[in-house]
Amino acid sequence: LRDECGVSGWSLLQLPGDAVLVPAGAPHQVRSLSGTISVEQQFLSPESAVRLRDLGTDPAATPRLLRAQLDGMIITAVREALEVLRGCK
């Protein structure tokens with residue numbers, strides 16, 4: 001990737017009690033050196049939602065979890081917009 005796109009990677013050693021935050025949409029790879037417990041939260045960002053929408057309009061081709069996250073984002077956006085509008089009396 002460095003030669004083709006100018007992208008370089010990072011290596012780090014995570015010790016017990018350490019947390020690593022990877023920005024949404026950032027590709028990453030993990031290599032466990034011993035038994036581990038991983039806790040992660042998947043989040044569908046607005047940028048990813050646009051890419052998901054652009055992949056096609058066939059809902060059956062979109063994984064169920066992603067469809068649910070996209071639906072949740074739309075509902076939340078509408079709810080927040082309504083709250084703003086209600087405050088503009």
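A residue is called buried under 20% relative accessible area, exposed over 50% and partly exposed in between, with a 1.4 Å probe and protein chains only. The model is predicted, so local features need pLDDT of at least 70 and side-chain atom pairs count only at pLDDT 80 or more, while totals for chains, interfaces and linings use all residues. Residues are numbered from 1 along each chain as its sequence is written, and side-chain values use heavy atoms, with hydrogens and water left out.

The protein chain holds three helices and zero strands, in the order α-α-α from the N terminus on. Helices (H or I, at least four residues) and strands (E, at least two) are DSSP runs, numbered from the N terminus. Confidence is given as pLDDT, the predictor's value for each residue from 0 to 100. Its mean over the protein chain is 75, and 70% of the residues reach 70 or more.

Of the 89 residues in the protein chain, 7% are buried. The accessible surface comes to about 8,600 Å², and carbon and sulfur atoms account for 58% of that surface. Such areas come from the Shrake-Rupley method with a 1.4 Å probe; for residues, only the protein chains shown count as cover.

The loop between α1 and α2 contains P16. P16 counts as exposed because its relative accessibility is 82%. From L33 to L13 the C-alpha distance is 9.5 Å, at 20 residues apart in sequence.

Helix α3 (residues 64-86) includes L85. L85 is exposed because its relative accessible area is 59%. Together with I74, V78 and L82, L85 forms a nonpolar patch on the surface, with about 370 Å² of accessible area.

Conventions
Patches are made of residues with over 30% relative accessible area and no salt bridge: like charges are joined within 9 Å, nonpolar side chains (Val, Leu, Ile, Met, Phe, Trp, Tyr) within 5 Å. A salt bridge is a side-chain nitrogen of Lys or Arg within 4 Å of a carboxyl oxygen of Asp or Glu.
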